[in-house]
Amino acid sequence: MTINITVYDFWDLRKAANQKFLIDPIHPQDYLCRYPKELGAGYYRWIPLREGIIIEILETYLPQSVKWITYAHHQNSLEFGLILAGSGQDFDGQRTKSGEDYIFGGVYPQSNNNIDGAGNLRWVSLIIKPETLRTLIENYGEPLPKDIEKAIAGVPKYFNLRPSLITPTKQVALQQILHCPYQGLTRKMYLESKVLKLISLKLADQVAAPTKKLLRLQEIDRIHHAKDILLRNIGNPPSLIDLARQVGINEYTLKRGFRQILVLQYLVTYTTIAWNKPGNYCCQGK
C-alpha cells in the first residue's frame, strides 16, 4: 500500500509534530525535527553553516511507500543530495537508489511521480544558495557546468542532473560530517570544508570527460546481480568469464564494478551500523 500526500499536508503534519525544535545540548546550532508519526518514524536534522549553506540529514523509517503530490514552486537553493539508504522515484520519473548522489534545483514541477519506497531512508543534503556557490567558484576562476550556470542565472526550469556513484572518497567526507568530533567554531569550519569537498567532487562528476569510464545504472544493476549469483553458488562459484556472460557485461566492466560497488557497500553498511549505535543523537526517541 502507498500513502498519497501533498507537500502542503506534509508541512502541516510536521508543524503539528514539532511545536519546538529539539536542540542538541552539545551543539546548540544543530536543530532536530521529528518526522510525522502518521507517515513513519525518525528525524530531520539541520546544521546551518555560513550564510547560504545548510546540511540537512534525514534518517527515518517508512512502514509504507509514500507518494508525494507536488505543486510547481521555486527552489531558491541548489540541493546536492546523497542517498545512503532507500530508493524511490523523483519528480520526473527518474529512479533514485542507495549509493548515488544527485543535484536538484530550479522550479519544481507539478507532479505525483515522486515516491519514497518503504523501509529505512537516509539522505544527506547539502543545500547551497546559488549566489554563495557562484562566489566560491569565482574566487578560483573556474567555470561551472552549464546546467549549474543556468540555475544560478535564474533560468526557471526544474533540473535533476544525472546521478553518479557515492565513491569511497565521498563516503569518507560523509563519515567525517556525520561523526564530526569538534565543537564551536572549529566544528563549523570543519563541516564546511567537508561540504565544499563533496560539492567539488560532484561538480567534477558533471564536467568529467566523456571518455571517462563511469558505470551506467544498468551496469550497476548487473553487477549486483552478479554478486547475488556468487552468494548463491559460494561453494562452486562460476569463473569470471562465465559470470560476466550470465549477467550480460564484459569481464573488464565486471571487475571494475566489483572494485567500486563492493567497497561502496562496505562503507554504506558501516554508515548504517554507526548511525544506529545506542546513544547516537539522530536515532534517539525511536
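Modeller: Tyr190 is found in helix α5. Keep in mind that this is a predicted model. Tyr190 touches Gln176, Cys180, Pro181 and Tyr182, leaving aside residues up to four places away in sequence. Take Cys180 from that list. Tyr190 and Cys180 are 10 residues apart in sequence, and their C-alpha atoms are 7.9 Å apart in space.

Now look at Cys180 itself. Its relative accessibility is 11%, so Cys180 counts as buried, the cut-off being under 20%. Cys33 is buried too, with a relative accessible area of 2%. What is the number of disulfides in the structure? The structure holds zero. A disulfide is a covalent bond between the sulfur atoms of two cysteines.

Go back to α5, the helix of Tyr190.

Follow Ile148. Not counting residues up to four places away in sequence, Ile148 touches Leu78, Ile103, Leu133, Phe159, Leu161 and Leu203. Leu133 belongs to α2, where it is buried. Where on α2 do the buried residues lie? Seen down the helix axis, they fall within an arc of 160 degrees, so they line one face of α2. An α-helix has 3.6 residues a turn, so residues three or four places apart point the same way.

Trp46 leads on to the aromatic rings. A search of the whole structure finds nine aromatic pairs. A pair of aromatic rings is described by the distance of the centres and the angle of the planes. Tyr44 and Trp46 form a stacked pair, at 6.0 Å centre to centre, with 20 degrees between the planes. Both residues of this pair, Tyr44 and Trp46, are buried. They also sit in one aromatic cluster with Phe10, Trp11, Tyr35 and Trp68. Arg14 lies over the face of Tyr44, at 4.7 Å from the ring centre.

Another pair is Phe104 with Trp123. Their ring centres are 6.0 Å apart and their planes are at 35 degrees, so the pair is tilted. This pair links distant parts of the chain. Phe104 is in strand β10 (residues 100–108), Trp123 is in strand β12 (residues 119–128), and they are 19 residues apart. Phe104 is buried, at 5% relative accessible area. Trp123 counts as buried as well, at 15%.

Last, step back to the whole chain. There are eight helices and 13 strands in it. Of its 286 residues, 48% count as buried. Consider the contacts with a separation of 6 or more: residues 24 or more positions apart account for 68% of them.

Terms used. Residues are numbered from 1 along each chain as its sequence is written. This is a predicted model: local features need pLDDT of at least 70, side-chain atom pairs count only at pLDDT 80 or more; totals for chains, interfaces and linings use all residues. Side-chain values use heavy atoms; hydrogens and water are left out. Rings of Phe, Tyr and Trp (its six-membered ring) pair if their centres lie within 6.5 Å; planes under 30 degrees apart count as stacked, over 60 as edge-to-face and the rest as tilted. Buried means under 20% relative accessible area, exposed over 50%, partly exposed in between (1.4 Å probe, protein chains only). Helices (H or I, at least four residues) and strands (E, at least two) are DSSP runs, numbered from the N terminus. A charge sits over a ring if NZ of Lys or CZ of Arg is within 6 Å of the ring centre and within 35 degrees of the ring normal. Contact means heavy atoms within 4.5 Å. The arc is that of the directions from the helix axis to the C-beta atoms. A disulfide is a pair of cysteine sulfur atoms within 2.5 Å.
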